[in-house]
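Visitor: I would like to go through this structure term by term. For each label, please set the value against the rule behind it.

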Amino acid sequence: MKTDVLVVGGSVAAIRAAETIARHAPDLGVIIVSDEEHPPYERPPLSKVGLTDDLDLAALTYPSVADLQSKGVRFVLATRATYLDVAARRVDTLDASGATGSIEYGAVIVTTGCEPIVPPLFRDLPDVYSLRHFQDATALRSAVSDRSRSVAVIGAGFIGGEFAATLAKDGRDVTIVDLAEKPLGRFGDRVAADYAALHRDSGVALKLGDGVVGLADTPDGRVLQLASGATVPADVVLLGIGVRPSTDWLASSGLTLNNGVECDEHLRAADRVYAAGDVVRWPNPRFDSVMRIEHWTNAAEQGRVAGMNAANVLTGADPVVCSTVPYFWSDQHGKRIQFSGFITGAEEIVESQGPDGSLFVYRSGDAVTGVLAFERRAEFVKLRAMLRRETSWESVEPMLTLVSSAP
Ligand SMILES: Cc1cc2nc3c(=O)[nH]c(=O)nc-3n(C[C@H](O)[C@H](O)[C@H](O)COP(=O)(O)OP(=O)(O)OC[C@H]3O[C@@H](n4cnc5c(N)ncnc54)[C@H](O)[C@@H]3O)c2cc1C
């Protein structure tokens, strides 16, 4: 097989890249190779859709898939990329039936994202789940459908928190266990306290600052054994302890792999090789920092930039720069948590509490570099828009009713 642009990976970065090429360089041929059996679909609902609601794959599938197909974009599904030969401009593949193949390209875009971390203690155990793909979500939902089975979530981050919230909404008991004493602690102690309170007030049990050291079967069902000696009922376990970039297939490609695929500010990793999404580490000019982001909006934005640059290298146009303001949202217990910006942990945090939620503004000298909100949606939208450019503390301060600030 041969194509102008080959996109490896089948999620949001891939679909945005293909849409961009179809719009700006419609004469270029595009192939998307994904190891999933489904065309690209939305992942965020997988941890948020209520347990009694339908998880409908057709509704989650990106609407542009059909349009792209009609424009000649080819989706090669259930097929894994196994090797990238940069000099020969070729990707080798292995499909679900065991057949090998190869695709020659004019330019390639790597969008292979991330995969969940599964520590050795949990490997190959029954009823231990990760949540990344549609199949993971259907298997997990099926496992918890028997209300007599206890559920434990390991990891108090967004995926664990969101799934715990869907269980609590359904009136289920659930415990979140996390080694860290302060969940979301990188955003500061008060954010961690508000986040923990949100869960506790909604009926989720939290075991924080305690690690899982084993699992044991008891007459009452399986339990997690914690370092403190405590046990947590855990017939079903969701692991939400983080992800790592899916770069194993690139090990001998010669690309620089360092907690992701290293790219320049054009998302270029090598000659005619671009990357986008969770898998990328790149120097973001907006914050003058090298970063890798694991959130949907970044993957979408980078997909567009990488798609444009892959097309541009083939049409002779200049590359565009990838300068973004990282953003994420999370929905838990009926509250929207949002963050925009880039923080290192050294910022002063200025807090504004109100009856309708709280805002945390991250200040580095005279500059504001981030904002996190529990609800407070209207103010957040304004602050997020301001952060697109360098933002001074003087311009933000009047918008806040200050309560306290902490280094
Ligand atoms: C349950 C869940 C909820 C989320 N909720 C939110 C949210 O509320 N807000 C938010 O900002 N972000 C959220 N995210 C994160 C967001 O979905 C990711 O940032 C986004 O999906 C990253 O997109 P991507 O295209 O970079 O990679 P991914 O979505 O990781 O997709 C990579 C694709 O490449 C495929 N692939 C991997 N290796 C190969 C290979 N060798 N060959 C072929 N194909 C391969 C994978 O199977 C996958 O289809 C959530 C993620 C999950 C899992």
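**Strands, domains and charged pairs**

Guide: Strand 12 (residues 212-218) and strand 13 (residues 221-226) run antiparallel and are joined by six bridges. The model is a predicted one, in which local features need pLDDT of at least 70 and side-chain atom pairs pLDDT 80 or more, while totals for chains, interfaces and linings use all residues. Residues are numbered from 1 along each chain as its sequence is written, and side-chain values use heavy atoms, with hydrogens and water left out.

Visitor: What makes strand 12 and strand 13 a pair?

Guide: Two strands pair if DSSP finds at least two bridges between them, and strand 12 and strand 13 have six. Strands themselves are DSSP runs of E, at least two residues long, and helices are runs of H or I, at least four, both numbered from the N terminus. One of the bridges sets Leu215 against Leu224 in strand 13. Strand 12 and strand 13 form a hairpin, with two residues between them.

Visitor: Which residue in the turn between strand 5 and strand 6 has a positive phi?

Guide: Gly98, with a phi of about 95°; this hairpin has four residues between its strands. Strand 5 (residues 90-95) and strand 6 are antiparallel over five bridges, and Thr93 is opposite Gly101 in strand 6.

Visitor: Which way does strand 1 run against strand 6?

Guide: Parallel: six bridges join strand 1 (residues 2-8) to strand 6 (residues 100-110), with Leu6 partnered by Val108. Strand 19 (residues 273-275) is also parallel to strand 6, over three bridges, and there Tyr274 stands opposite Ile109.

Visitor: Why do strand 8 and strand 11 count as edges?

Guide: The open sheet has five strands in the order 8-15-9-10-11, with parallel pairing. Strand 8 (128-129) and strand 11 (205-208) each have a single partner strand, so one side of each lacks a neighbour in the sheet. For strand 11 we can look at strand 10 (residues 174-178), joined to it by four bridges, among them the one between Thr175 and Ala205.

Visitor: How do you know where domain 1 and domain 2 meet?

Guide: The bounds come from an automatic or database domain assignment: domain 1 is 2-115 + 243-315, domain 2 is 118-239 and domain 3 is 334-406. Contact means heavy atoms within 4.5 Å, and 21 residues of domain 1 meet 15 of domain 2. Buried area is the accessible area (1.4 Å probe) that two parts lose on being put together, summed over both; here it is about 1,600 Å², with 57% from carbon and sulfur atoms. Leu46, Ser47 and Leu51 supply 39% of what domain 1 buries against domain 2, more than any other three residues.

Visitor: Why is the contact of Lys48 with Glu162 called a salt bridge?

Guide: The rule asks for a side-chain nitrogen of Lys or Arg within 4 Å of a carboxyl oxygen of Asp or Glu. The closest N and O atoms of Lys48 and Glu162 are 2.9 Å apart, so the pair meets the rule. Two salt bridges are found across the interface of domain 1 and domain 2, and the whole structure has 21. Lys48 lies in the loop between strand 2 (30-33) and helix 2 (57-60) and Glu162 in helix 5 (residues 158-169), so the pair ties together parts 114 residues apart in sequence.
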